[in-house]
Amino acid sequence: MRFRSTRRQAPAVPLTAAILRGLAPDGGLYVPERLPSFAAGDFSEADFVAGAPRAETAAALLEPFFAGDALAPAREAICRGALDFPLPLVDLEPGVALLELFHGPTAAFKDVGARFLARCLERAEEPRTILVATSGDTGGAIAAAFHRAAGVEVGVLFPRDGVSALQRQQLTCWGDNVRSFAVDGTFDDCQRLVKAAFADETWRARRRLTSANSINIGRLLPQTVYYAAASLEYRARHGAAPRFVVPSGNVGNACAAVWAREMGFPIAGVLLATNRNRTVPDWFATGRWEPRPSVATPANAMDVGDPSNMERLFDLYADAAELRRAVSSVAVEDERLLAGVAAAAGRWDRILCPHTGAAVEAHLRDPAPHDVLVATAHAAKFRDVVEPRIGRRVELPPALADLMRLPARETPLPADLGALQRAMDAPPDGTLRA
Ligand SMILES: *Cc1c(COP(=O)(O)O)cnc(C)c1O
């Protein structure tokens, strides 16, 4: 299997090369040259142990993507290292279920992709540096996944005054091969610094810089596994193919659901629930692709005005009508995100995060006969907004509670490339926070 660029101006490459490059040289995103297709009977729900896809099944499912690549012999070990926490499918009421993707070490679905990417990169031959700019969830998942990964050094850049206390702890409690930089600036300044580091060819080559952001194919592929597993499990329980309702920002998670559908798994459709960053639903309504600056909402991990992964869906369906048959989209206003959280607490006694609240609201507005709502983060990560809305305390899950007890280290950093490079090249000496 080779991966080609959505823009078709770059050579197709095997999996490891696509992962190491991140973005294709022509500026496009890597996609499989051909999605494998599975027939009824290739897999059944019995292949997936109660909600947690077994490593061998995941490895069999992803086998075509590894074919011909240096990582192929390691694919089972990679899957075992990435998919070793539960991903339960919970029935809420007839025709509505919840797929909980928040039982990993940093309590968001991003743990799956980040851990798969880390297990791949630590097997790449040479030492590497990963730089990631973060406004919250991504950096924590990446830091956790790469912590103590052999031969990999990680720099996490976050805006000094732009993350919650809980997020900050998740970004700064690692140490060892992970350096956490509190940047004197905004998230955009962090992102600019990372881009500048990539643009410095000499430093980039010397550090063997790799990006871990959400366009990396290594984060997308393992996400197809939980959609395959949940669709089979749902059908085994209820005799029907479900639609997935996916809280969406950069559309990586939803893209994996669409790929699983194209691979032949019983998925009726995919509904993308966005917040008021409505570039995607506007495309579905008007056919015009009009990216715009993002606006801040209570579902901040979905604050994306120019969702990169739509390029992969436009590539998959040359015909827009075909894309519309498989996928639809609803935008949810700020107040309604929290109304979705309140509705889930009232109807199903489930405490959900504001991102998942978008999926609840989108489902209530446009229900399908069989909907699986995708829960992308644990509510405890957003307890400041969730607790007042539902009038209940939200307990930290054990994994997060453990992280909260670790000592934290962060290095203050001016928004300056030279300072970042010197800090990464210096021996580790984060300043201990009180
Ligand atoms: C990242 C994130 C999303 C958005 O996922 P995309 O793949 O970018 O669409 C939704 N919810 C949570 C909690 C996230 O962390």
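**Exercise 1. Which residues line the largest cavity, and what classes do they belong to?**

Solution. The largest cavity is lined by Ser248, Gly249, Thr274, Asn275, Asn277, Arg278, Thr279, Val280, Met302, Val304 and Pro307. On a 1 Å grid over the protein atoms alone, a cavity is a set of points where a 1.4 Å probe fits but cannot get out, and lining residues have an atom within 4 Å of a point. The model is predicted: local features need pLDDT of at least 70 and side-chain atom pairs count only at pLDDT 80 or more, while totals for chains, interfaces and linings use all residues. Residues are numbered from 1 along each chain as its sequence is written, and side-chain values use heavy atoms, with hydrogens and water left out.

Next, sort the lining by class: 4 residues are nonpolar, 6 polar and 1 charged. Here Ala, Val, Leu, Ile, Met, Phe, Trp, Tyr, Cys and Pro count as nonpolar, Asp, Glu, Lys and Arg as charged, and the others, Gly among them, as polar.

Last, take the volume, which is about 40 Å³ for the largest cavity. A volume is the space filled by probe spheres set on the grid points, which are joined across faces, edges and corners. The whole structure has 2 cavities of 30 Å³ or more.

**Exercise 2. In what order do the 6 strands of the open sheet stand?**

Solution. The order is S5-S6-S14-S11-S12-S13, with mixed pairing. Strands (E, at least two residues) and helices (H or I, at least four) are DSSP runs numbered from the N terminus, and two strands pair if DSSP finds at least two bridges between them. Strands S5 (89-93) and S13 (327-331) are at the edges; each has a single partner strand, so one side of each lacks a neighbour in the sheet. On average, neighbouring strands are turned by 25° against each other, direction ignored.

Now go through some pairs. S5 and S6 are antiparallel over 4 bridges, and Leu89 has Leu99 as its bridge partner in S6. Their hairpin has 2 residues between the strands, and Gly95 takes a positive phi near 85° there. S6 and S14 are parallel over 5 bridges, with Leu99 opposite Val374 in S14. S11 (residues 243-247) and S14 (residues 371-375) are parallel over 3 bridges; Val245 is partnered with Leu373 in S14.

**Exercise 3. Is S14 mostly covered or uncovered, and which way do its residues point?**

Solution. S14 is mostly covered, with 5 of its 5 residues buried (buried means under 20% relative accessible area, exposed over 50%, partly exposed in between, with a 1.4 Å probe and protein chains only). In a regular strand, side chains alternate between the two faces of the sheet. In S14, Asp371, Leu373 and Ala375 point one way, and Val372 and Val374 the other.

**Exercise 4. Where is Asp349 found, and is it buried or exposed?**

Solution. Asp349 is in the loop between helix H15 (334-348) and helix H16 (354-365). Although not a glycine, Asp349 has a positive phi of about 55°. Its relative accessible area is 52%, so Asp349 is exposed.

Conventions
On a 1 Å grid over the protein atoms alone, a cavity is a set of points where a 1.4 Å probe fits but cannot get out, and a pocket is an open set with protein on both sides within 12 Å along at least five of seven lines; lining residues have an atom within 4 Å of a point. Axes are lines fitted to C-alpha atoms, for helices over the stretch in contact, and angles run from 0 to 180 degrees between N-to-C directions.
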